[in-house]
Amino acid sequence: MILDLDIGNTLSKWRLKDSNSSEIRSRGAVWTREEWRPGADIPDLDVVEAVRISSVARRAVLDETVALLRRRVGTVHVARSTHEALGVSNGYEEPARLGVDRWMGALAGYQLVGGCCAVDCGSAITIDFVLPGGRHLGGYILPGLRLMKESLKLGTRNVAIDPDSEAEELLEPGRRTVEAVNHGIYMAAVSAVNRIYSEVCEQQEVALPLLLTGGDARVVSRGVQAPHAVWPDMVYGGLEACFPLTASERAGRLSGAPEVPAPVAMEKIRAALAFSMLL
Ligand SMILES: Nc1ncnc2c1ncn2[C@@H]1O[C@H](COP(=O)(O)OP(=O)(O)O)[C@@H](O)[C@H]1O
Ligand SMILES: CC(C)(COP(=O)(O)O)[C@@H](O)C(=O)NCCC(=O)O
Ligand SMILES: [K+]
């Protein structure tokens, strides 16, 4: 079995993948903490012959986790943000400082559709751009829904936005604190994604395929106007592309990769921008 780890600042996600059939056998998430207890937090390592890790946790935590795993598992691949990988050139002045989850997402998106806009709605919402031809431009970081809510300190921290509530409701003024907070942070997130996507596509004169991932992707997706796809396993896709271990991965097939709708025409993006400039 292959154990894939996506260690974020809020949640540490794991996924067990069958090395032969390439099917996902199980998955889970635990609150990101300082240490891992195999068998409790992650599957028992006896069935694991290889581990692939994407981590944005503190270096010390990562080193600790890797040391533990290396004692128990033959192969441990640790993803790093590099100058270049799989045809994508890193747009950061210091490439190693780009969040590994962002780099994995950019690589997976490029592998799937070529140039793209990759949005990861996690503790932070990150928005990265890769041009056709593989040039990563860099991106944007803004607080995630949960962080925005916590920063308000209005006691609404644990009232999540219902991913299945009507999108229209979220456009209405809130009539109690939790609604005012949820509608406000939702609008902040989706307005930022819509505007940033339009601005960069307009600047670069290319309408890019748009991909969303992360724990809050489904909520944010409801307000994103441009055609897009939600790919929950996009960070894992980057691990598969960097460290292909199964026959299907070596053939370039990424697990759970969605059908990505064609972007709208540039004229529509320009018109939407012009309109938002008017308001
Ligand atoms: N099972 C869950 N437990 C907690 N939060 C969840 C869960 N599923 C989705 N979420 C939402 O996803 C967010 C975390 O998303 P994630 O992409 O895992 O963040 P990160 O990668 O920064 O750790 C939380 O802030 C919460 O809004
Ligand atoms: C911005 C992030 C904290 C987002 O991480 P996440 O929301 O997945 O926990 C992470 O990508 C990170 O630590 N980046 C390093 C700084 C940078 O990307 O510029
Ligand atoms: K993430």
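A backbone N or O atom of glycine 99 lies 3.0 Å from an oxygen atom of ligand 2. That is a polar contact, meaning a pair of N or O atoms within 3.5 Å; within protein, one must be able to donate a hydrogen and the other to accept it, and residues adjacent in sequence count only if both atoms are side-chain atoms. Keep in mind that this is a predicted model, where local features need pLDDT of at least 70, side-chain atom pairs count only at pLDDT 80 or more, and totals for chains, interfaces and linings use all residues. Residues are numbered from 1 along each chain as its sequence is written, chains are lettered from A and ligands numbered from 1 in the order in which they are written, and side-chain values use heavy atoms, with hydrogens and water left out.

**Ligand 2**

- Serine 123 uses a polar backbone atom instead, 3.2 Å from an oxygen atom of ligand 2.
- On its own, ligand 2 exposes 460 Å², and the protein buries 77% of that (accessible areas come from the Shrake-Rupley method with a 1.4 Å probe; for residues, only the protein chains shown count as cover).
- There are 14 residues around ligand 2, and Asn9, Tyr92, Asp101, Arg102 and Ala124 come nearest (being near takes a heavy atom within 4 Å).
- Sorted by class, this shell has five nonpolar, six polar and three charged residues (Ala, Val, Leu, Ile, Met, Phe, Trp, Tyr, Cys and Pro count as nonpolar, Asp, Glu, Lys and Arg as charged, and the others, Gly among them, as polar).

**Ligand 1**

- Ligand 1 has 13 residues around it, the closest being Thr10, Leu11, Lys13, Ser123 and Asp216.
- Threonine 10 reaches an oxygen atom of ligand 1 with a backbone N or O atom, at 2.9 Å.
- Taken alone, ligand 1 exposes 570 Å², of which the protein buries 71%.
- Its shell splits into three nonpolar, seven polar and three charged residues.

**Strands**

- Five strands form an open sheet in the order 10-9-8-11-12, with mixed pairing (strands are DSSP runs of E, at least two residues, numbered from the N terminus; two of them pair if DSSP finds at least two bridges between them).
- Strand 10 (136–143) and strand 12 (229–230) are the edges, each pairing on one side only.
- Strand 8 (residues 116–121) runs antiparallel to strand 9, with six bridges, and cysteine 121 stands opposite isoleucine 125 in strand 9.
- Strand 2 (residues 11–17) and strand 3 (residues 24–31) also pair in the antiparallel sense, over seven bridges, with leucine 16 partnering serine 26 in strand 3.
- The hairpin of strand 2 and strand 3 has six residues between the strands, and serine 22 takes a positive phi near 70 degrees there.

Conventions
Helices (H or I, at least four residues) and strands (E, at least two) are DSSP runs, numbered from the N terminus.
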